[in-house]
Amino acid sequence: MAQAQTVAAPPPSHTGRSSRQGHPWLTLLAVSLGVMMVMLDGTVVSIANPVIGKELNASLADLQWVTSGYLLALAVFLITAGKLGDLFGHKRIFVIGIAGFALTSLAIGLSDSITWLIAFRVLQGLFGALLQPAALALLRAAFPAEKLNMAIGVWGATIGLSSAAGPFIGGLLVENVSWQSVFFINVPVGIVALIVGLLVVKESKAASLSRIDWLGVVLLSGAMFCLIWAIIKAPEYGWGDAKTLGFLVAAALLGAGFVYWQTKAAEPLIPLSLFSNISVAVGTVLMILMAFSMFGAMFFLTFYFQGVHGLSPLQSGLRMLPMSAGMIVASPLAGLAIGKLGPRITISAGMLITAVSMFLLSRLGLEAGYLDSAIPFALLAFGLSPVMVGATEIIVGNAPEELSGVAGGVQQSAMQVGGSVGTAVLGAIVAGKVADVLPGYWADAKLPALSADQQELVNQGASFAQAGAAPGTPEPIMRAIEGVVHLSFLDGMHVGFTVSTAVAVLAALLALFVKAGRKTDGAQVHLG
């Protein structure tokens, strides 16, 4: 671990801590409402996609872009959006993000073609990227250091609740109202957030910044685009395909060019000195590992509930309620625990609890009941919350105040990249295991031999717990195929959760290298 060192804190600006005004908790309400919209839209749409496809005559590729276009725009623009907040004011950028997100949500609901819907979803992702880094920077400006943990805890509870409740809310709205209501619901929420934000949130920006590193923006955006694009398209292209490898190589080259340019730019987009603080660097990696485990795991459980157990989207959402409810309680408690015990012990313990939860989920079988999933879900809430709150606090809290927007962008980008990589990597692992074990189960069930093409189609369906069969297939054979597919999928899912368990243990060890080291209003700052 790097030696602790003492440096002088930068003098407070006219918008810094010394002039903190307004009501901090109303500021928290405003930013939480904004972030809630962004997180909900990242998960509820998957429930609405089948109905959207039917009503707008969309192809499977079109529906993939309804989700991927939003996530791609969000991930690519996050750090640049944070820099815009540092330069032009976090309140200003947050308000623009709120208004734009609500308006694009309205436009999506009014869309009468899949082309316009996808276009507005991409625009919605850009406005969502404006919201998230600004929200964290505003929290840092509004709360004194000793209360920042609790504020981020409530913010973390909002993120966790919104992500976990997305499938449930989406199922409820789609089944009882319409697919458009999934987007229209953002309009009243956005209006409330906009009113509160305009009335109570005070402006905060860096006094020392004067311009944007546009070459850095281009290089970083290009690297992020190529990386996320490769991850999104790899299941379609294949991980060894030239197109996938080409995008990954391009991401590496652009990323290397970005790092080199940051050492030369007069006002770099991300000063590399930000990561000289070991806690900021480790916190960023922890966010990636946490999102890897969380989003990768949630991806398979949807198929498990709906494919293996035959539950509806709404019923699947209800199965995940223990995690949603747990997040509400666990995130504020995590903020308190970090304040009393420090991030090292709290985050490490959280990742160990997450590892236990992932191990229990890796034991789920064909006949698993409600409690078999509810217990690990509840544990997962109390495991992930300390990591989400703690890693956010050590990234944003340790960053210089004039870079709080960029730090918020780094935190959110780490979560997006970790979630995308987790879903893709674990998906490949599950698919590989399914392809390995399915022929054996098929032979044991004494089903007719398959051609190579037929085997590939069956493998693809089994990777999502889907048992496809030709029309007119006799009922006994159909049941046998379903049994084989479900057993193969479970074997793959078990391996996926085992990998998530190992990642969580690795993160628990990594957390031992972090320190709080938050900046305060005083003249001295201790860096880990």
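Which helices each supply at least two residues of the nonpolar patch? They are helix H14 (343–361) and helix H15 (370–398), where helices are DSSP runs (H or I, at least four residues) numbered from the N terminus. This is a predicted model, in which local features need pLDDT of at least 70 and side-chain atom pairs count only at pLDDT 80 or more, while totals for chains, interfaces and linings use all residues. Residues are numbered from 1 along each chain as its sequence is written, and side-chain values use heavy atoms, with hydrogens and water left out.

Select next Leu 360, a residue of helix H14. Leu 360 counts as partly exposed because its relative accessibility is 32%; the term covers values between buried (under 20% relative accessible area) and exposed (over 50%), with a 1.4 Å probe and protein chains only.

Proceed to the loop between H14 and H15, where Ala 368 lies. Ala 368 counts as buried because its relative accessibility is 11%. Beyond its neighbours within four places in sequence, Ala 368 is in contact with Tyr 304 and His 309, contact being heavy atoms within 4.5 Å. The C-alpha atoms of Ala 368 and His 309 are 9.0 Å apart, although 59 residues separate the two in sequence.

Finally, display H13 (residues 321–341) together with H15: the two pack at an angle of about 35°, their axes 7 Å apart. Axes are lines fitted to C-alpha atoms, for helices over the stretch in contact, and angles run from 0 to 180 degrees between N-to-C directions. Among the residues that meet here are Gly 326 and Ala 330 in H13, and Ala 374 and Phe 377 in H15.
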